[in-house]
Amino acid sequence: MHCPFCRHTDSRVMDSRATDDGSSIRRRRQCPACGKRFTTLESAALSVVKRSGVTEPFSRAKVLVGVRKACQGRPVTEDQLALLAHQVEESIRTAGQAEIDAHEVGLAVLEPLRALDEVAYLRFASVYQAFDSLEDFEQAITLLRVEREAMTDDSEERLSTPAGPPGESTSGPR
């Protein structure tokens, strides 16, 4: 690490802290030659391999652009989109790969987008899952309905289940 003031080739780490989102480390350094202090920010590089074979750094902003297009005209806030982009980046980073295929990034968007807005999910899925016909849309819609009904049935079942073992009253003095 070169000192930004005197270009000396060495520095001493005075303090290290993780950033608020935990994706990088902030280090406070001091140059032994000139004594001045400076800060560095270290993060693990995450690269995306595009269809053409070109590799570029992962960009949360590019995820936001794609998701924003899918959510156009939908009741989704910028904060929700930012949170979704953060979730996508975290899921990709937890995969533990330094390089990831661009198509995999698109697929990583699908699950959090479905939880956010089903119409936007269908718009986005039609691109990343290469829908070719109306049947592809119908199949995706049917799957969404089945999953929604299953979640509704599970919620109703939990509400109708008694809190204690059968035969015991959960209210009143003992």
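Student: Where does pLDDT stay under 50 in this one?
Tutor: Over residues 169-174. This is a predicted model, and for that stretch it has 4 contacts beyond four places in sequence.

Student: And how does the protein chain score on average?
Tutor: The average pLDDT is 87, and 91% of the residues score at least 70.

Student: Good to know. Let's talk strands. How many bridges join β2 to β3?
Tutor: There are 7 of them. Strand β2 covers residues 24-30 and β3 covers residues 37-43, and the two run antiparallel.

Student: What do β2 and β3 form, and what's up with the turn?
Tutor: They form a hairpin, with 6 residues between the strands. Gly35 sits in that turn and has a positive phi of about 80°.

Student: What's the strand order in the open sheet of 3 strands?
Tutor: The order is β5-β4-β6, and the pairing is mixed. At the edges stand β5 (55-57) and β6 (99-101). Each has a single partner strand, so one side of each is left without a neighbour in the sheet.

Student: How much are neighbouring strands of this sheet turned against each other?
Tutor: By 35° on average, if you ignore direction.

Student: Do β4 and β6 pair in the parallel or antiparallel sense?
Tutor: Parallel, over 3 bridges, with β4 made of residues 47-49. Within that pairing, Val48 has Ile100 in β6 as its bridge partner.

Student: Where does Ala98 lie, and what is it in contact with?
Tutor: Ala98 lies in the loop between α2 (78-94) and β6. Leaving aside neighbours within four places in sequence, Ala98 is in contact with Ala45, Leu46 and Ser47.

Student: How far apart are Ala98 and Leu84?
Tutor: They are 14 residues apart in sequence, and their C-alpha atoms are 21 Å apart in space.

Student: Switching to charges. How many salt bridges does the structure hold?
Tutor: It holds 12. One of them links Glu56 with Lys62, where the closest N and O atoms are 2.6 Å apart.

Student: Which salt bridges does Arg114 form?
Tutor: One is with Glu111, with 2.6 Å between the closest N and O atoms. Another joins the side chains of Arg114 and Glu147, also listed at 2.6 Å, N to O.

Student: Where are Arg114 and Glu111 placed?
Tutor: Both lie in helix α3, residues 102-116, at 3 residues apart, which is about one turn of the helix.

Student: What does the pair with Glu147 tie together?
Tutor: Arg114 is in helix α3 while Glu147 is in helix α5 (residues 134-160), so this pair ties together parts that are 33 residues apart in sequence.

Student: Now Asp117. Where does it lie?
Tutor: In the loop between α3 and α4. Asp117 is buried, and its relative accessible area is 7%.

Student: Which end of α4 does Asp117 cap?
Tutor: The N-terminal end: a side-chain oxygen of Asp117 lies 3.1 Å from the backbone nitrogen of Val119.

Student: Last one: which residues of α4 are buried, and what happens just after the helix?
Tutor: In α4, residues 118-128, the buried residues are Ala120, Tyr121, Leu122, Phe124, Ala125 and Ser126. Just after α4, Ala130 takes a positive phi of about 50°.

Note on methods: Residues numbered from 1 in each chain as written. Heavy atoms only, no water. Pairing = 2+ DSSP bridges. Helix = DSSP H or I, 4+ residues; strand = E, 2+ residues; numbered from the N terminus. Axes fitted to C-alpha atoms, helices over the stretch in contact; angles between N-to-C directions. Salt bridge = Lys/Arg side-chain N within 4 Å of Asp/Glu carboxyl O. Buried < 20%, exposed > 50% of the residue type's maximum accessible area, 1.4 Å probe, protein only. Polar contact = N/O pair within 3.5 Å; in protein donor to acceptor, adjacent residues only side chain to side chain. pLDDT = per-residue confidence, 0-100. Contact = heavy atoms within 4.5 Å.
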